[in-house]
Structure formats: structure tokens, C-alpha cells
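Colleague: I'm new to this one. Can you walk me through it?

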Amino acid sequence: MLTGNLLWVLVGTILLGVAAGLNGTFSFLQKQSLVGDAAAHAALPGIALAYLVFETKELPILMIGAAITSGLSVYMIQWIVNQSKLKADAAIALVLSVSFGIGIVLISIVNQSTAGNQSGLNDFIFGKAATMAKSDLIWLSGSALLIILMCLLFFKEWKLMIFDPVFAKGIGLPVERLRTLLTALTVLTIVTGIQAVGVILMAAMLIIPAAAARYWSSHLGIILVTSAFFGALSGAFGTMVSSLRIGLSTGPIIVLVAATLFLLSFFFAPTRGLLSKLRKKKEFKQRRVAQEAMSHE
Amino acid sequence: MNALQIKNLSVAYEDKIVLKDVNISIPVGSLTGIIGPNGAGKSTLIKAILNQLPNKTGTVHILDRPLNPKDLIVGYVPQRNAVDWDFPTNALDVVLMGRYGHIGLMKKPPAKDKQIALDCLKNVGMEAFADRSIGQLSGGQQQRVFLARALAQEAEIYFMDEPFVGVDAATERTIISILKDLKAQGKTVFVVHHDLQTAGDYFDWMILLNKTITAYGPTKQTFTQENLQQAYGGKLFFMDQAKSNDNLVGER
Amino acid sequence: MKKMFILFITAILLVGCSSKTEEKSGKPLVVTTTGQIADAVKEIAGDNVEVKSLMGPGVDPHLYKATQGDLQTLEQADTIFYNGLALEGKMSDIFEKMKKEKTVSAIGEVVPADRILSDPMNPKLADPHIWFDIDVWKIAVAEITKTLIEEYPDNKDEYKKNEKAYFDKLDELSNWADTRINEIPEQQRVLVTAHDAFSYFGNSHGMEVRGLQGLSTNSEYGLKDVQNIVDFLADENIKAVFIESSVSEKAMNAVIQGAKEKGHTIQVGGELFSDAMGAEGTEEGTYIGMYKHNVNTIVDSLK
């Protein structure tokens with residue numbers, strides 16, 4: 001029956017899928033998908049710190065903590081690249097592993113303390129979609145709507161910013177502020193999404209729907225919609241499958257569905273899919289052979 | 001009024017001096033070629049003028065004012081390798097980007113701007129490719145799309161960075177035709193150019209650059225063997241044609 | 001430079017070794033894992049030993065990982081008692097190691113197999129929450145007495161006397177609990193909690209028991225588990241569910257909201273002590289006080 005807990009988790013994961021799909025497309029085009037991975041892992045120490053400092057497990061406070069460390073990690077990566085000889089990949093790996101490590105240490109400190117296990121902080125590592133309730137949906141739908149709205153408003157600006165940032169600056173576009181806005185939205189997506197899929201798998205939701213959508217179109221608008229659709233589909237299908245048996249965690253199943261969609265796109269997408277390309281190659285060869293035959297007559 | 005006035009411009013990059021003491025004044029309505037050997041700092045000069053470099057000293061005035069992108073008076077055609085052509089968009093869309101400054105933030109491009117973009121595509125002979133995805137365009141076609149984008153900006157001053165590199169003959173003819181049109185409209189154009197054979201024909205003003213300004217001014221006075229030898233450090237050879245003043249010039 | 005290096009290494013070695021020569025109080029040190037076990041040791045041995053428990057209030061023994069400090073404490077211990085039956089899931093290697101140096105007793109594992117309940121999901125696994133069945137717990141505590149007497153035979157009479165007194169109190173507790181629980185109308189005698197910690201409790205006092213998570217808080221649970229509990233609550237018309245002091249209440253809240261959605265209003269009956277006890281120095285910091293608190297909370301919400 002599509003009511004109550006099932007409905008809430010369904011709606012929640014669909015909203016999350018849409019937000020991650022939209023946001024992830026822009027990160028993907030900027031070739032910064034792994035920065036999203038680092039930012040997701042960096043949310044963990046923020047949650048633990050918020051709990052330790054304010055001694056509360058109120059979700060808004062934990063989420064603010066998560067947002068702060070997550071946002072900081074993005075700037076840390078940029079700072080390291082600018083100030084040292086490290087390239088982006090090393091900087092990302094460094095920030096990701098160090099912040100995640102700090103997060104785990106902080107959580108184990110929390111777990112040693114009285115009432116520590118009541119904090120439920122462990123659920124942020126792999127997510128706990130099963131415990132999504134009506135109250136969580138308010139946050140999730142707010143975030144998702146905000147992200148959709150921003151994507152509609154700034155679609156052309158972000159498009160130009162990613163394609164040709166120098167030209168964008170040249171016509172007076174506030175490129176730095178646009179970039180900050182996009183980063184802020186990514187952090188928002190991460191912070192709301194980790195409740196369902198956890199910090200470790202959040203990157204997958206930012207990357208996979210966008211990568212899969214790329215196979216279906218060369219038009220940015222269509223890619224965005226497709227990516228959002230794939231994200232939503234992963235959330236919905238993942239939720240339904242995880243509700244079939246006891247002991248199945250929803251987050252990982254959502255990611256598996258997304259990965260399946262990617263594989264299907266990779267092989268079967270018209271024009272850009274592997275099978276389509278192979279078929280075109282074959283047809284081309286056949287035509288060449290026919291042409292050669294004719295010219296020899 | 002000068003289209004471009006530069007005073008004491010120097011640019012350093014990691015302790016290396018890339019441009020030193022550049023002082024030039026170029027009038028409105030000119031078609032200026034920026035010439036120099038590899039590594040002379042030609043692209044750097046453009047970047048410095050367009051405020052893309054943080055560590056420069058000196059001043060740059062365009063139409064007697066410091067550059068303010070919001071004035072929308074400067075059009076820019078970057079080098080082709082400045083962008084990733086795998087980006088999911090089509091030719092018309094790229095040209096339309098030239099209108100974003102006029103359209104404003106957060107607004108959907110109105111039909112009027114789309115028409116301007118289409119007209120600019122027509123001007124460069126690419127209207128048939130309007131919805132072709134840019135990854136499928138040839139080098140020359142990509143260059144023409146960039147040119148169309150700059151035209152769509154409806155600017156007063158244009159800066160083009162090596163637009164003739166690696167393009168087919170048709171594209172070359174298109175670019176020259178556009179340059180002539182722009183001049184006829186009273187616009188000012190600066191072009192970083194690599195081909196000494198054609199430089200003398202295309203441009204009525206020249207800047208000869210090799211980290212410093214060797215010479216600049218109207219082509220006839222500037223584009224001389226002596227100046228060229230100085231700018232290129234004696235690495236040129238000339239083949240004099242007895243008949244005319246045309247020199248065949250090549251870099252050794 | 002070489003001198004500095006040697007000094008540095010020496011300093012580290014000294015610091016590392018110094019912890020072994022800490023001033024001992026003169027009394028034997030008995031270290032336990034859970035508070036329940038520590039409480040029993042204190043009742044039996046009185047002031048004759050010093051008792052330390054590794055897991056304080058609110059700590060979940062299923063997930064607990066020993067810290068460096070804990071390892072040192074265990075090193076210093078003369079005798080170690082733990083629950084066994086895989087309660088301290090992440091510490092088995094440590095106990096194996098300690099067994100070689102001193103007496104380490106898994107008090108739950110002496111309980112005869114016919115008194116041990118099994119995991120409903122996996123019949124081969126044992127349910128470790130034995131302290132909630134007072135009669136079974138007495139068997140485990142008797143093992144504590146036996147071991148203490150073996151280690152410190154001088155106090156044999158005192159320990160036997162203390163054990164009898166403690167067992168009398170436990171019998172009293174058991175009868176009192178049975179009486180109270182009978183106040184709950186029969187169809188309301190259902191105990192729904194965050195994880196399956198209360199099977200022994202339900203078994204000994206005649207209550208049906210359901211947990212959202214399985215035996216260990218480590219076990220995975222998903223949407224179906226939540227839905228099952230919600231359906232169960234609505235179908236059986238249960239008045240209250242209970243959160244636990246050592247488990248996050250987010251899951252229970254989702255269950256309550258889900259039941260509400262089905263038109264069935266349900267309360268949080270209160271917080272129960274499941275794997276850990278209350279704060280030291282309080283009534284609930286003792287086994288008997290903790291047990292009483294649980295019974296009162298359960299009865300007052302369900303009756």
C-alpha cells in the first residue's frame with residue numbers, strides 16, 4: 001500500500017534523486033564530480049562537531065554543521081591547488097580522506113560518551129532512508145524546490161560559466177558569485193541527501209544520473225531533465241525494491257539502480273550508446289564495400 | 001579618441017618578465033594586427049588588456065575609459081582551444097551566449113536576441129549548422145561560430161586571438177570579409193596574427209611585439225624589413241620581388 | 001642530532017612503559033564490560049575489590065570498540081568478567097588475548113543451553129541479553145561468585161553470604177515485577193522496542209516482544225522492517241512503544257508517525273535501559289534500580 005512510511009521514503013528519495021541529478025549535471029560538466037565526493041565525506045566531521053558542541057541531535061543544527069565543513073572542504077581543495085604543487089586529484093584525495101578520518105574519530109568519541117549512541121550519528125555514514133518521516137520531507141522538498149528554481153533561473157549563466165568562463169567574465173557575468181552559488185547548492189543537496197544514502201554513497205548520486213544522461217542528448221536542457229529523471233527513477237525504484245524484504249537498506253539499492261541505468265544508457269542509448277556506434281560502424285563499412293564494388297565495374 | 005591606449009604595461013609571471021613597458025595608442029576604426037614570434041607575449045597582451053591577468057602594472061584605457069565589462073563595448077574571439085568542444089550545446093546556442101550581456105541575468109533569451117544570433121550565424125555562413133552540436137564541427141566551422149558569437153555582442157572594439165590558425169580557405173575568406181565589414185561600420189579590431197605573408201594585406205595598423213614593443217603604427221611605416229628583423233631577432237629571410245613592394249617573408 | 005634522537009626514543013619508551021607502574025590501590029582490580037556485570041561484582045565482593053566497567057551509561061556494547069585506555073585497564077586487571085554470547089561483538093580478540101595472562105570469564109556462556117533463547121532470525125545464534133531474565137541472570141552471577149572465590153579464597157564466606165543476600169533481593173524484584181506486569185490488560189502485554197533486547201524479559205514475565213532491529217544494533221534494517229512494525233502496532237492496537245537509552249530514536253519516531261498515518265495514535269511510552277544502565281550514583285545506575293525503572297515505565301504506559 002502506497003501510504004505512510006513507504007510513501008514518505010518514496011517521495012523523499014525521488015526529491016533527493018531530482019536534486020542530485022540536476023546538481024550533479026553541472027558538477028559533471030565542470031569535470032568536478034570528485035569534488036562533490038570530497039564535500040560529501042567532509043560533511044561527517046561537521047555533523048559530529050555540531051553534536052559535540054551544541055549537545056543536541058536536532059536535525060537542523062546537525063545539518064548546518066555538515067554544510068559548514070562540506071563547504072569548507074571545497075575551498076580547501078582550491079586553496080591547496082593554488083598554494084602548493086599538488087594537482088586537483090591529489091588535493092581532492094587529501095581533503096576527502098583527512099576530513100572523513102576526522103569525522104570517524106569524532107563519531108567514536110561521541111559513541112564513548114553517555115547518550116552518545118542515542119545520537120544516531122552512525123546513520124549518516126551509510127544513510128538510513130527507512131527512518132524518513134513526514135517531518136523530514138519538509139526539508140527535502142524545500143531543498144529540492146530551491147535547487148530546481150535556481151537551475152531554471154541561472155541555466156544560461158551556468159551554461160556559459162562552465163563552457164567559457166573567460167568570455168563570461170568578459171561580458172560582465174559575476175562568475176565568482178555564480179560559482180559560489182552552484183557550490184552552495186551542491187552542499188545543500190549533499191546535506192539533505194546524506195540522510196538517505198549516507199556520505200559514502202552521496203557522490204554516486206551526484207555522478208551517476210548525470211553521466212548516464214549524457215548518453216541521451218547533446219542539448220544541455222535535455223540532459224538536465226534526463227539526469228533529474230534518472231535520479232528520481234533510482235530513488236523510486238530503489239525504495240520499492242528495498243521494501244520487498246526485511247533487512248534491506250534503501251541507500252545502497254538506490255545506487256545500484258542508478259548504476260544499472262548507467263549501464264543501460266552506455267549500451268543502448270540511440271546514437272551515443274555502444275551498440276548504436278558499433279552498428280553505425282558496420283553499416284559504414286558495408287557501404288564502403290558496396291561503393292568499392294561499384295567503382296570496379 | 002583612442003580605441004586603445006596603454007601606458008607602461010608590464011606583466012610578470014613567476015619572476016619571468018613576459019611583457020615590459022608597453023606604451024601604445026591606437027585610433028578608433030583601425031584594423032590592427034599584433035605580430036611577433038612565438039612566446040612574444042601576444043596572447044598575454046590581449047589577456048592583459050581584457051583584465052584577465054592579476055599581476056600587471058600600468059594602465060589600459062579602452063575608448064578613453066578603463067575596461068568595464070558591463071559597458072559591453074568589447075567583443076572577444078578567443079583561441080579555439082580555450083574551450084572544450086565536447087560541451088553539450090549547438091552552434092546557435094554558443095552564438096546566443098554573445099547576447100547574454102544584453103539579455104541580463106536570470107532572463108530567458110527573447111526571440112529578438114535569438115534572431116540576432118541567427119543573423120550572425122548567417123554572416124559567417126553557418127546558418128545551416130545552427131542546431132549542429134559543436135563537437136561535430138570542423139576547426140574552421142568552430143572558428144566561425146566563435147566569430148559569430150563576438151559579432152552578436154554588438155561591440156565597438158573586437159579582440160581576436162589567432163583566428164586564422166588551422167582554418168580552411170572558406171573560413172579564411174569569411175573572416176577577412178567580416179573584418180572588412182567591421183571596419184566599414186567604424187568598429188576597431190585587434191587581431192593576433194601568426195602569418196607574416198598575409199599580415200601586410202589584412203591590417204592597416206600593426207603592433208610588432210617581442211616582450212616589448214618593437215614598433216607600432218600604420219602598416220606602411222611599421223611593417224618594414226628593419227622592424228621585422230628586430231622583432232624576430234634576425235630569424236627572418238626575405239625574398240624581394242623586383243616588381244613590387246610586396247615582400248615574401250618567412251620565419252627561419 | 002643523534003643525541004636528540006636517542007633522547008627522544010628513550011622518552012617515548014619511558015612514557016610507554018610507565019603506565020605499567022601506576023600506583024595500585026592494593027586491592028585486586030576486577031574489570032567488567034557492562035554496568036550490569038559490574039553491579040553484580042560490587043554486590044558480591046563488596047569493598048574487597050576495586051571494580052571498573054568499560055561501558056558506561058548510554059554505551060552500546062554491540063558496537064563498542066575498545067580504546068587504548070580500555071586496553072590499559074584490561075592489562076592492569078586481575079580478573080575480567082564479560083557477558084559473552086557475542087554481546088561485546090567487537091571485542092572477542094581482546095578477550096582471547098587476555099585469557100592467556102589472567103582469569104577471563106564469560107559469565108553468559110555458563111548458562112545451560114536450554115535456558116538460552118536463540119535469535120529468531122537465525123536459530124544458530126544465541127540472544128545475549130540474559131540479564132533481563134532474573135533467574136537466568138542468577139546463574140550467570142553465580143559464576144561470578146564461583147570465580148571470585150577461586151581467585152580470592154580467603155573471602156569465601158563473605159562472598160557466599162553476599163550472594164545469598166543479593167539473590168534474595170533479586171527474587172523479591174522478580175516477584176514484584178510479575179505482579180506489576182499483571183496490571184497490564186492481557187492484550188496490551190506487548191513490548192515494542194528499538195532492537196530485540198527484551199526477549200528474556202518477555203519470556204520471564206509473560207509479554208510478547210517485538211524489536212525493530214534484530215538482536216544486535218549492528219544488524220541492518222530497512223523499510224520493510226519499519227512497515228512490519230507499523231502494521232503490527234496498528235493491527236494489535238498497541239498503546240505505546242519504547243525507545244532505548246543507547247539507540248537512536250529516529251527509527252521509532254518514524255514508526256510512530258507511520259502508525260499515526262494509519263489512524264492509530266501511539267505514544268512513546270518512555271525510555272528503557274536495554275544494553276546499558278543509568279548514570280552512576282543514581283538509582284537507575286544499579287541493576288535493581290534499572291530493572292525497576294523499566295518495569296514501571298512499561299506498566300505505566302501500557303495499563
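Modeller: A term to start with: helices (H or I, at least four residues) and strands (E, at least two) are DSSP runs, numbered from the N terminus. Also, this is a predicted model.

Colleague: Got it. How many helices and strands are in chain A?

Modeller: Chain A has 12 helices and 0 strands. Along the sequence, the pattern of chain A reads α-α-α-α-α-α-α-α-α-α-α-α.

Colleague: And what box do the C-alpha atoms of chain A fill?

Modeller: Roughly 90 × 55 × 35 Å, taken along the principal axes.

Colleague: Which chains have the most contacts between them?

Modeller: Chains A and C. They are one of the 2 pairs of chains that touch.

Colleague: How far apart are the nearest C-alpha atoms of chain B and chain C?

Modeller: They are 36 Å apart, and chain B and chain C do not touch.

Colleague: Let's stay with chain B. Which domains does its assignment give?

Modeller: Domain 1 covers 1–73 + 157–168 + 188–252, and domain 2 covers 81–154. Taken over C-alpha atoms, the centres of domain 1 and domain 2 of chain B are 27 Å apart.

Colleague: How many residues does each domain of chain B put into the contact?

Modeller: Domain 1 of chain B gives 7 residues and domain 2 of chain B gives 9 residues. Between them, the two domains of chain B bury about 640 Å². Carbon and sulfur atoms carry 59% of that area.

Colleague: Which residues in domain 1 of chain B lose the most area to domain 2?

Modeller: L72(B), Y158(B) and D168(B). Together they account for 65% of what the domain 1 side buries.

Colleague: Now the strands in chain B. How do β1(B) and β2(B) run?

Modeller: Antiparallel. Strand β1 (residues 2–13) and strand β2 (residues 16–27) of chain B are joined by 8 bridges. Y13(B) faces K16(B) in β2(B).

Colleague: What sits between the strands in that hairpin of β1(B) and β2(B)?

Modeller: There are 2 residues between the strands. In this hairpin, E14(B) takes a positive phi near 50°.

Colleague: And how many bridges link β1(B) with β4(B)?

Modeller: There are 6 bridges, and the pairing is antiparallel. Strand β4 of chain B spans residues 56–62. I6(B) has V60(B) in β4(B) as its bridge partner.

Colleague: Switching topic. What space lies in the largest pocket?

Modeller: About 960 Å³. Its lining has 34 residues. N122(A), D123(A), L63(C), T217(C) and N218(C) lie nearest the centre of the pocket.

Colleague: Which elements give two or more residues to the lining of that largest pocket?

Modeller: From chain A, α5 (88–112) and α6 (123–126). From chain C, β6 (208–213) and α9 (250–261). The largest share of the lining is from α5(A), with 6 residues.

Colleague: How do the residues of the largest pocket's lining divide?

Modeller: The lining has 14 nonpolar, 14 polar and 6 charged residues.

Colleague: Which residues line the largest cavity?

Modeller: From chain A, G170(A) and I171(A). From chain B, P69(B), L72(B), I73(B), V74(B), G98(B), H102(B), Q153(B) and A155(B). The lining divides into 6 nonpolar, 4 polar and no charged residues. At least three residues come from each of domain 1 and domain 2 of chain B. L72(B) was also one of the residues that lose the most area between those domains.

Colleague: And which residues line the second largest cavity?

Modeller: G170(A), L67(B), N68(B), P69(B), L72(B), I73(B) and V74(B). By class, 5 are nonpolar, 2 are polar and none are charged.

Conventions
Residues are numbered from 1 along each chain as its sequence is written. Chains are lettered from A and ligands numbered from 1 in the order in which they are written. This is a predicted model: local features need pLDDT of at least 70, side-chain atom pairs count only at pLDDT 80 or more; totals for chains, interfaces and linings use all residues. Side-chain values use heavy atoms; hydrogens and water are left out. Two strands pair if DSSP finds at least two bridges between them. On a 1 Å grid over the protein atoms alone, a cavity is a set of points where a 1.4 Å probe fits but cannot get out, and a pocket is an open set with protein on both sides within 12 Å along at least five of seven lines; lining residues have an atom within 4 Å of a point. Grid points are joined across faces, edges and corners, and a volume is the space filled by probe spheres set on the points. Ala, Val, Leu, Ile, Met, Phe, Trp, Tyr, Cys and Pro count as nonpolar, Asp, Glu, Lys and Arg as charged, and the others, Gly among them, as polar. Domain bounds come from an automatic or database domain assignment. Contact means heavy atoms within 4.5 Å. Buried area is the accessible area (1.4 Å probe) that two parts lose on being put together, summed over both.
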